[in-house]
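Hello,

Here is the structure we talked about, with notes on what was found in it. Please read the notes with the model open beside you.

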Amino acid sequence: MNEAQTFIRIEDGLDLPIVGFGTCLISQNDSAPAVTAAIVAGYRHIDTAVAYENEAGVGAGIRAGISAIGIARRDIFVTAKLWPGNADWDDAPKGYEAVLEAFETTRSALGLDYIDLYLVHAPTGGAERLNQWRAMLHLKDEGKVRAIGVSNFAQSHIEEIKTAGLPLPAVNQIELHPWSQKPALVPYLNQNGIKPIAYSSLVPLSTWRAKEGEPSSKTEAMKAASSNGSSPFKTMALKYGVSEAQLLLRWGVQKGFAILPKSLSPNRMRENLDLFGFVIDQNDMALIEGMDRGDGVAWPIGDPTKLG
Ligand code: NAP
């Protein structure tokens with residue numbers, strides 16, 4: 001059995017493959033071959049967003065991947081995201097109808113009949129945030145999406161949905177790795193039946209977004225720790241006979257999070273799926289628990305759970 005096809009049940013009858021392929025910072029041109037290569041390598045969950053400006057390429061890559069290995073559309077789980085707008089950035093928050101229109105644009109750019117999981121990308125909808133969630137519920141009721149969720153929502157944003165008496169999101173996609181463990185938010189999500197999905201698991205690597213034009217708010221201290229030859233993750237990886245990337249990804253899986261590693265390299269795509277032949281022991285899990293450094297750094301403006 002390919003354990004990378006282990007699933008997390010996100011709602012009745014709907015299972016999310018635990019290792020997904022991330023497509024942030026993959027250009028429109030590169031995304032079709034990258035997504036096809038990922039499907040051929042074994043990924044069955046593809047994560048994209050209108051904000052990544054690559055939906056057409058991702059959709060083409062999904063179709064080519066499906067036909068390359070002879071599987072069906074229903075064998076691939078596709079996550080897409082609504083850009084909600086942000087009044088602080090002169091980007092008017094989308095109202096109810098605009099959300100429905102944005103979904104159609106995304107569905108058509110991807111060239112899919114339905115989307116498996118549609119997320120509100122950030123809590124930046126301001127006064128429209130609840131209306132945006134109502135529109136998401138409508139899309140689900142109509143069967144255009146199989147599940148809906150949020151991304152970068154803090155507890156306060158989820159409490160707002162609860163107070164309005166609306167159904168809660170199935171998932172919250174947030175930055176989670178040993179340096180940003182969100183020790184209050186994760187238990188809150190678990191208590192409320194909202195599955196955490198981890199993004200940017202590889203932040204502590206020296207190779208994480210190390211190329212020109214790959215922005216983030218990773219601090220100089222973090223960059224220095226990343227390139228430190230004696231990093232604790234390197235030491236642990238050596239102990240288990242795996243790469244540092246595999247150690248970081250395995251941490252997410254052991255915490256019960258779905259993960260979304262992105263790579264343009266077919267070798268790394270395969271390496272990032274190969275996480276099920278070792279277990280990080282309790283001592284090392286406890287050591288990692290003490291390594292939290294607070295906020296996420298994947299967004300250049302800082303941790304987006306603080307927005308909105
Ligand atoms: P990531 O997957 O944690 O790391 C990707 C970086 O690590 C790239 O620079 C990649 O370089 C490198 N890398 C990948 N595998 C490696 C390996 N085995 N060894 C060494 N280096 C490796 O980063 P991410 O793209 O920030 O996050 C993953 C996905 O989460 C995104 O693509 C996106 O789908 C999602 N995400 C969502 C949000 C949100 O706000 N909802 C924000 C950020 C990300 P190469 O490509 O050269 O291999």
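An axis here is a line fitted to C-alpha atoms, for helices over the stretch in contact, and angles run from 0 to 180 degrees between N-to-C directions. Helices (H or I, at least four residues) are DSSP runs, numbered from the N terminus.

The model is predicted, so local features need pLDDT of at least 70 and side-chain atom pairs count only at pLDDT 80 or more, while totals for chains, interfaces and linings use all residues. Residues are numbered from 1 along each chain as its sequence is written, and side-chain values use heavy atoms, with hydrogens and water left out.

Helix packing

Helix α1 (residues 28–41) packs against α10 at about 45°, and their axes are 10 Å apart. This makes α1 oblique to α10 (angles under 35 degrees count as roughly parallel, over 145 as roughly antiparallel, 65 to 115 as roughly perpendicular and the rest as oblique). The crossing of α1 and α10 is right-handed, that is, the near helix is turned clockwise from the far one by less than a right angle. On the α1 side the contact (heavy atoms within 4.5 Å) uses A34, A37, A38 and A41, and on the α10 side M269, R270 and L273. These contact residues comprise six nonpolar, no polar and one charged. Ala, Val, Leu, Ile, Met, Phe, Trp, Tyr, Cys and Pro count as nonpolar, Asp, Glu, Lys and Arg as charged, and the others, Gly among them, as polar.

The axes of α2 (residues 55–69) and α3 (residues 96–110) come within 7 Å and cross at roughly 45°. α2 and α3 are therefore oblique to each other as well. From α2, E55, A56, V58, G59 and R63 meet T106, A109 and L110 of α3.

Pockets

A pocket is an open set of points on a 1 Å grid over the protein atoms alone, where a 1.4 Å probe fits, with protein on both sides within 12 Å along at least five of seven lines; lining residues have an atom within 4 Å of a point. A volume is the space filled by probe spheres set on the points.

The largest pocket has a volume of about 1100 Å³. Its lining has 45 residues, and C24, L25, W208, R209 and K262 lie nearest the centre. Helices α9 (244–254) and α10 (266–273) each supply at least two lining residues.

The second largest pocket holds about 180 Å³. Its lining includes A154, Q155, K182 and D303, and divides into four nonpolar, three polar and four charged residues.

Regards
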